[in-house]
Amino acid sequence: MGWSLGAVLFALNLPFYVFAWRALGAAFTLKTFCAVAVLAVYTEVLPHLLSFASLNPVFSAIMGGLLAGSGILMLIRHGASLGGLGAMAIWLQQRKGWRAGSVQMLCDVAILASALWLLPADRVALSVLAAAALNFVIAINHRPDRYHGI
């Protein structure tokens, strides 16, 4: 559609900031706002700073998912998220005792299943692989009783 991906990421999270403010508090929301702003900027800047002559798509999906999962885990441990469904998953964990990683994985499954209507199955399969790696990191490592974020 010709829109900047960073701007779209930031704008899509606006309703979640309101939810996070009410449900998770000001500190969580401000940290999340900053994290999403950094992600939006990186999304625009990094393609101008990095290039790859060759990159295996399966390796990229797995490593990207593991790295993203580690980053999201760090944010969660310090009382933040990348907004969106992550904030809702954290809230459900706090209120209902549901594991944030499991909630996020279920949401990702629904989103990726709906992508089959728009994208070729092989591209969706790479996204599923990345989401599985990301959610594996969160589901295995995220336990609120293990740490206390700032």
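This is a predicted model: local features need pLDDT of at least 70, side-chain atom pairs count only at pLDDT 80 or more; totals for chains, interfaces and linings use all residues.
Residues are numbered from 1 along each chain as its sequence is written, and side-chain values use heavy atoms, with hydrogens and water left out. Local features need pLDDT of at least 70 and side-chain atom pairs count only at pLDDT 80 or more, while totals for chains, interfaces and linings use all residues.

**Helix α2 and its packing**

Helices and strands are DSSP runs (H or I of at least four residues for helices, E of at least two for strands), numbered from the N terminus. Helix α2 covers residues 14–24 and helix α3 covers residues 26–49. The two pack at an angle of about 150°, with their axes 7 Å apart; axes are lines fitted to C-alpha atoms, for helices over the stretch in contact, and angles run from 0 to 180 degrees between N-to-C directions. This makes α2 roughly antiparallel to α3, a class that takes angles over 145 degrees, whereas those under 35 are roughly parallel, 65 to 115 roughly perpendicular and the rest oblique.

On the α2 side, the contact (heavy atoms within 4.5 Å) is made by Tyr17, Ala20, Trp21 and Leu24. Helix α3 contributes Ala26, Phe28, Thr29, Leu30, Thr32, Phe33 and Val36. Of the residues in this contact, 9 are nonpolar, 2 are polar and none is charged. Here Ala, Val, Leu, Ile, Met, Phe, Trp, Tyr, Cys and Pro count as nonpolar, Asp, Glu, Lys and Arg as charged, and the others, Gly among them, as polar.

Which residues of α2 are buried? They are Tyr17, Ala20, Ala23 and Leu24, where buried means under 20% relative accessible area, exposed over 50% and partly exposed in between, with a 1.4 Å probe and protein chains only. These residues lie on the same side of α2 because they cover an arc of only 145° around the axis; the arc is that of the directions from the helix axis to the C-beta atoms. An α-helix has 3.6 residues a turn, so residues three or four places apart point the same way. The buried residues of α2 pack against α1 (5–12), α3 and α5 (84–96). The face turned away from the buried side carries the exposed residues Pro15 and Arg22. Just after α2, Gly25 takes a positive phi of about 100°.

**Aromatic rings**

The structure holds 4 aromatic pairs. One of them, Phe10 and Tyr17, is tilted, at 5.9 Å centre to centre and 55° between the planes. Rings of Phe, Tyr and Trp (its six-membered ring) pair if their centres lie within 6.5 Å; planes under 30 degrees apart count as stacked, over 60 as edge-to-face and the rest as tilted. Ring pairs link Phe10, Tyr17 and Phe33 into a cluster.

**Selected residues**

| Residue | Relative accessible area | Class |
|---|---|---|
| Phe10 | 24% | partly exposed |
| Tyr17 | 8% | buried |
| Leu14 | 44% | partly exposed |
| Asn13 | 9% | buried |
| Asn135 | 1% | buried |

Asn13 is found in the loop between α1 and α2. Leaving out residues up to four places away in sequence, Asn13 touches Val36, Leu82, Gly83 and Gly84. Leu14 is found in helix α2; its C-alpha atom and that of Ile62, 48 residues apart along the chain, are separated by 29 Å.

Asn135 lies in helix α7 (residues 121–141). With residues up to four places away in sequence again not counted, Asn135 touches Gly101, Gln104, Met105 and Asp108.
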